[in-house]
Amino acid sequence: MKIRAIEAIPLRYEIPTGGYGSARGLVTARTTCLVRMETDDGLVGVGEAFGPPRVTAAHVEELAPIFLGQDPFDHERLFGIATNGRYHWGRTGLHIAALSGLETACWDLMGKAVRLPAAKLMGGFHRDDVRAYASTGYFTERPDGYRRLVEAAAAEGFTLVKIKCGRGIASDLERIDLVYEIVGKDAGVMVDLNGNYTADLALQLAPHLEARGVLWLEEPVPPEDLDGYARLRDASRVPLASGEADAMRVGFRDLISRRLVDVVQPDVTSCGGLAEAKAIVRMAQTWNIRFSPHVWGGGVALAAALQLCAATPLHPHVTNEAAPLLFEYDRGANALRDELLATPIEVVGDRIRIPKGPGLGVEVDWQAVERFRMDRGT
């Protein structure tokens, strides 16, 4: 089996309900880059790569010759050629995001070739479903947008909710208290600052979060401010989470080995793909640190993250999971998540079933892809 064709497909979905986003700014469209990989015996594998879609697509095409004519089962060797042989291109950013899409497509092909889910090839299923939290509570253009988003999550049956904060402590506390008002006093709340605070501001916020029982504080400071994480870790008992802006094991090395966070959050579409994400998870477990995937993308990204979760061993427990692996389920309007798959991923309340079909366990609706395909021109 040899890879005979690779296509990078930039996709864009215009949000009809108005822009939404984080403390750093709003988006008016959701975008991604789909990677379609075909073999000489007619199998088709898919992956998803993070980043500005047309630029990411161009980078995928730049890397495609490394994979063309090769066996997808040799993905680790090909990944090494693309990273070690092009180390000047960086260990994060668009280079690794493009590789993430290519590497994930290899896993989809491998699974389809042997008619097994990717999780089986990564060590087997440790779980059949995951508990999801609603990733919502975005800043919005509409004045009533925040309340509407939290109310929608509650109506869908979510009791775990992650919200966007980071525009000032008074605003943060008002937004947190509204979740408890809408979802209930027993709601599990996670707070995401998207790295918009300096360490001193995050330290001022932390006691209020602890008093409210917030489950974790995500990206309290910019990802490069490791000393800021250390200050928070030493001065606060609120669990810290981070990792969406990091890539490859080397990018997570300090976060994990210095125990700067309690939850690591690699994203399959940008950290290097499934094999690298699994290695990051194993590294976190070596230091006895929890894992929860960052998931912000389309249906293929969702499916890949679910395969990663299926293949994540229970740790340190075997039968009694003291704190379940929590899965990020973005609830912002996004047709690239909801309409690109031929069969939707099954969600019941706050539980997501992990697909058990070959590869990533899903099939892409290529007609839907055409609806959202971007013009490759500038």
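This is a predicted model: local features need pLDDT of at least 70, side-chain atom pairs count only at pLDDT 80 or more; totals for chains, interfaces and linings use all residues.
# A guided look at Arg36 and its surroundings

Setting aside neighbours within four places in sequence, Arg36 touches Ala5, Ile6, Glu7, Ile9, Val44, Gly45 and Trp366.

**Arg36 up close**

- Arg36 counts as partly exposed, because its relative accessibility is 23%, and the range between 20% and 50% carries that label.
- The side chain of Arg36 makes a polar contact with the side chain of Glu38, at 3.2 Å.
- For a sense of distance, take Arg36 and Gly188: their C-alpha atoms are 38 Å apart in space, and 152 residues separate them in sequence.

- Three strands make up an open sheet, in the order S1-S4-S5, with antiparallel pairing.
- At the edges are strand S1 (3-14) and strand S5 (44-49), each of which pairs on one side only.
- On average, neighbouring strands of this sheet are turned by 25 degrees against each other, direction ignored.
- Strand S4 (residues 29-39) pairs with S1 in the antiparallel sense over 11 bridges.
- To find one of these pairings, look for Ile9, whose bridge partner in S4 is Leu34.
- Helix H1 (residues 53-67) packs on the sheet and touches S1, S4 and S5, and its direction makes about 170 degrees with that of S1.
- Helix H11 (residues 299-310) packs on the sheet too, touching S4 and S5, and its direction makes about 95 degrees with that of S5.

- S4 and S5 run antiparallel and are joined by six bridges.
- S5 is mostly covered, with six of its six residues buried.
- Val44, Val46 and Glu48 point one way from S5, while Gly45, Gly47 and Ala49 point the other way, and all are buried.

- Helix H5 (residues 145-155) packs with helix H6 (residues 169-183) at an angle of about 40 degrees, and their axes are 10 Å apart.
- The crossing of H5 past H6 is right-handed.
- On the H5 side, the contact is made by Tyr146, Arg147, Val150, Glu151 and Ala154.
- On the H6 side, the contact is made by Arg175, Ile176, Leu178, Val179, Glu181, Ile182 and Val183.
- Sorted by type, the residues of this contact are eight nonpolar, no polar and four charged.

**A covered helix**

- Helix H2 (residues 75-84) has His75, Leu78, Phe79, Gly80, Ala82 and Thr83 buried.
- Among the elements that cover these buried residues of H2 are H1, helix H3 (94-114), helix H9 (248-257) and helix H10 (274-286).

**A buried lysine**

- Lys164 lies in strand S8 (residues 160-164).
- Lys164 counts as buried because its relative accessibility is 10%, and the cut-off for buried is under 20%.
- The side chain of Lys164 makes a polar contact with the side chain of Asn194, at 3.1 Å.
- Leaving aside neighbours within four places in sequence, Lys164 has contacts that include Gly21, Ser22, Thr136, Tyr138, Phe139 and Asp192.
- Arg175 is also in contact with Lys164, and Arg175 is one of the H6 residues that make the contact with H5.

**Backbone details in the loops**

- Glu219 has a positive phi of about 40 degrees, although it is not a glycine.
- You will find Glu219 in the loop between strand S10 (216-218) and helix H8 (226-235).
- Glu219 is buried, with a relative accessible area of 5%.
- Arg259 is not a glycine either, and it has a positive phi of about 55 degrees.
- The loop that holds Arg259 lies between H9 and strand S12 (263-264).
- Arg259 is partly exposed, with a relative accessible area of 44%.
- The peptide bond from His315 to Pro316 is cis, with omega near 0 degrees.
- Pro316 is in the loop between H11 and strand S14 (326-330).

Methods
Residues are numbered from 1 along each chain as its sequence is written. Side-chain values use heavy atoms; hydrogens and water are left out. Axes are lines fitted to C-alpha atoms, for helices over the stretch in contact, and angles run from 0 to 180 degrees between N-to-C directions. Helices (H or I, at least four residues) and strands (E, at least two) are DSSP runs, numbered from the N terminus. A crossing is left-handed if the near helix is turned anticlockwise from the far one by less than a right angle, and right-handed if clockwise. Contact means heavy atoms within 4.5 Å. Ala, Val, Leu, Ile, Met, Phe, Trp, Tyr, Cys and Pro count as nonpolar, Asp, Glu, Lys and Arg as charged, and the others, Gly among them, as polar. Buried means under 20% relative accessible area, exposed over 50%, partly exposed in between (1.4 Å probe, protein chains only). A polar contact is a pair of N or O atoms within 3.5 Å; within protein, one must be able to donate a hydrogen and the other to accept it, and residues adjacent in sequence count only if both atoms are side-chain atoms. Two strands pair if DSSP finds at least two bridges between them.
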